[in-house]
Amino acid sequence: MRIDFNFEPDDPDLQPFRDAWLQQCERRRDRPLGALAARALSAQAAIPLDAPAACRDRLAAIPDLVALLIDPGWPLPSHEHARLSGALAYFCERMDLIPDDASHFGLLDDAIVLAMALSDCAETWCDWREYRAWREACPEAGPLDRRQWHATRDALLRDALRRARLASYLATPSRGRYAPAGAALDFPEAVQFGLH
């Protein structure tokens, strides 16, 4: 049996989950992450294989979430750190809204709270995952912090847009945006064939 669930994070029916999560956020504020991170990783590794796939799939993000929270190159604003570590703390609670040992559905509330936290910090979460993938693919770039990564990514995006725009002009030179109809444009060979 497969259980799928989709929800809107602001759904009023989910308010009890949001309240329980925000309580954990307040408890976690300004507390060290070390022990909590270790407990969360152990608990995630111990998720039973017969747990619903919808829960297991969402809770598979916990190792990445821990990596984000401890990444020295990606410091988080205190409110985002509290919200994400609060989701980890909620996951580590055995007696939460749905006790973890409840048959088959014990992890459902944990998956919902984690999805809420990641949705709440979606821009940071997606940015960091892109940063981490780029850092793994380009180790020769050396260590970059969050600010340096944003500057590098912006430069790469601007360069890609410039090359795409130039390629569109060269695709049909006689019909280029700035050429009169029927006029042939004489581009140097390096410009015409240097685009990859």
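Which pattern does the protein follow when read along the sequence? Read in that order, the protein follows α-α-α-α-α-α-α-α-α.

**Overview. The predicted model has 9 helices and 0 strands.** Helices (H or I, at least four residues) and strands (E, at least two) are DSSP runs, numbered from the N terminus. This is a predicted model, in which local features need pLDDT of at least 70 and side-chain atom pairs count only at pLDDT 80 or more, while totals for chains, interfaces and linings use all residues. Residues are numbered from 1 along each chain as its sequence is written, and side-chain values use heavy atoms, with hydrogens and water left out. Of the 196 residues of the protein, 37% count as buried, where buried means under 20% relative accessible area, exposed over 50% and partly exposed in between (1.4 Å probe, protein chains only). Among contacts (heavy atoms within 4.5 Å) with a separation of 6 or more, residues 24 or more positions apart account for 63%.

**View 1. Leu 65 and Leu 84 touch the most other members of the largest nonpolar core.** This core holds 44 residues, a nonpolar core being a set of buried Ala, Val, Leu, Ile, Met, Phe, Trp, Tyr and Cys residues joined through side-chain atoms within 4.5 Å. Helices H1 (15–28), H2 (34–45), H3 (53–59), H4 (62–70), H5, H6 and H7 (122–137) each supply at least two of its residues. Not counting residues up to four places away in sequence, Leu 65 touches Leu 84, Leu 88, Leu 114, Leu 118 and Trp 125.

**View 2. Helix H5 (residues 78–92) packs against helix H6 (residues 108–120) at an angle of about 175°, with their axes 9 Å apart.** That angle makes H5 roughly antiparallel to H6, given that angles under 35 degrees count as roughly parallel, over 145 as roughly antiparallel, 65 to 115 as roughly perpendicular and the rest as oblique. Axes are lines fitted to C-alpha atoms, for helices over the stretch in contact, and angles run from 0 to 180 degrees between N-to-C directions. On the H5 side, Arg 83, Leu 84, Ala 87, Tyr 90 and Phe 91 take part, meeting H6 residues that include Asp 109, Val 113 and Leu 114. The residues of this contact divide into 8 nonpolar, no polar and 4 charged, where Ala, Val, Leu, Ile, Met, Phe, Trp, Tyr, Cys and Pro count as nonpolar, Asp, Glu, Lys and Arg as charged, and the others, Gly among them, as polar.

**View 3. H1 and H5 pack at an angle of about 110°, with their axes 7 Å apart.** H1 is therefore roughly perpendicular to H5. Residues making the contact include Trp 21 and Cys 25 of H1 and Gly 86 and Tyr 90 of H5, and the contact has 8 nonpolar, 3 polar and 3 charged residues.

**View 4. H4 and H7 pack at an angle of about 85°, with their axes 11 Å apart.** This places H4 roughly perpendicular to H7. Asp 64, Leu 65, Ala 67 and Leu 68 of H4 make the contact with Trp 125, Trp 128, Arg 129 and Arg 132 of H7.

**View 5. Thr 124 is found in helix H7, whereas Pro 143 lies in the loop between H7 and helix H8 (146–171).** Thr 124 is buried, with a relative accessible area of 5%, and, leaving aside neighbours within four places in sequence, Thr 124 is in contact with Trp 74, Leu 76, Glu 80 and Arg 146. Pro 143 counts as exposed at 78% relative accessibility.
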